[in-house]
Amino acid sequence: MGITYLRNSEIDKQKWDECISKSPNGLIYSTSIFLDNMSTSWDAMVMDDYLAVMPLPFRKKYFLHYVYPPAFSQQLGITSITICNEDLIYAFIEKIPKKFRYIEMNFNAANLFFLKEELNRLNYFLDLFPTYEVLYKNYSRSGIRNITKATENGVTIKENIDVNDIIKIHRNRFLDKVGVNDEDYNRLHHLLVQLKEKNQLFTLGAYERDGTLTAGSIYLVYKNRITFIFNGNTKASLDIGATHLLMDYTIRKHCTKPYILDFEGSDNPSFVRFYEQYGAIPEYYKAIKINKLFWPLSIFK
C-alpha cells in the first residue's frame, strides 16, 4: 500500500474532497472545509492517488506534536473509496509519523478494527425514507407527550435562524462547561457561515407565545446525511417540550426522502434517552489514545 504522509501545504484539496464525496463512509467532518475551519492545523495520510485518506488534526505544545479530535468533529478516521478493511486501518495507523508522540483520534463507524488502545463510542441515527406516519409510530410515549405539550403551550417553529442566536442560547445555559472554548465557537461560526453559502446548513428555532426564542437547532447536510451538530435551549424550553418539537419538525420535513438523520449520539445517558424517543438506532465507532510521550510527561497525559 502506497501510504504517504503529507503536510497540509502538500495536500490536493480537490482530490481530497473527491475522495470524501465518492466514499460510502465519507462524512462532512473529513471534508477540507470542515478541517480547515475546525482544526488548529492538520496534515494527512494519503494512499495512492487519494483512494483512501486519514486527516491528522494536530497541535504543537513546546516541542511536542500531538493529534487531537477538533471540537464538533465526532468521527474522522479513514475514508476510503475502496474497501476499508482491518489491514488497511492498521497500515494507516502504523504509518503515522513518530513526531506525533500523543494520538487521540475518533475513527468512523465503518472503520472496524481491534487495538488494546481502542475505546467504543456511541452514535444514533434514523433512516428518514419511511413516511411520517411510520416514523411517528416508533416515537416513545414520553416523546409524544413532550411534542403535545409544546403544541399546547403555543410553541411555534421557524426556519433560517441566525446561528449566533442559537450558539448564544447554548453558551448561556452551559457556560462553556462542555469542553469547548471561545476559539472553538469562533471556528464553528466561520464554518457555519461558509456551509450556509454552499446550502449545506439549515437552522430551526422554537418560539414561545410572546415571540421569545427558547430553543434552536443547527443541522449540516452532506450527501445523504443530515447531521444534528448543535442545539441550544433555555431551561424554560425543557419544561414545555420545545426541543422535542424541533426534532419532530425536522423528521416531518425530511421524511420520505433518502436521508439519514445523524443525531451525533453521545455516551451521556440523558442524550441517549432523547434520541431513543424517536426510534433512533445505535451505532458504535472506535476511538484510540496512544501515548508515546517521554517520561514523566507520559504520566500526566
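Which residues have the most contacts inside the largest nonpolar core? In this predicted model, where local features need pLDDT of at least 70, side-chain atom pairs count only at pLDDT 80 or more, and totals for chains, interfaces and linings use all residues, they are Trp16, Phe34, Phe72, Leu192, Ile218, Leu220 and Phe230, within a core of 39 residues. Residues are numbered from 1 along each chain as its sequence is written, and side-chain values use heavy atoms, with hydrogens and water left out.

A nonpolar core is a set of buried Ala, Val, Leu, Ile, Met, Phe, Trp, Tyr and Cys residues joined through side-chain atoms within 4.5 Å, buried meaning under 20% relative accessible area with a 1.4 Å probe and protein chains only. Helix H7 gives the most to this core, with five residues (helices are DSSP runs of H or I with at least four residues, strands are E runs of at least two, and both are numbered from the N terminus).

Buried in H7 are Asp184, Tyr185, Arg187, Leu188, Leu191, Leu192 and Leu195. Seen down the helix axis, the buried residues fall within an arc of 155°, judged by the directions from the axis to the C-beta atoms, so they line one face of H7.

Leu192 touches Val163, Ile167, Leu201, Ile218 and Leu220, residues up to four places away in sequence not being counted, where contact means heavy atoms within 4.5 Å.

Terms used
Buried means under 20% relative accessible area, exposed over 50%, partly exposed in between (1.4 Å probe, protein chains only).
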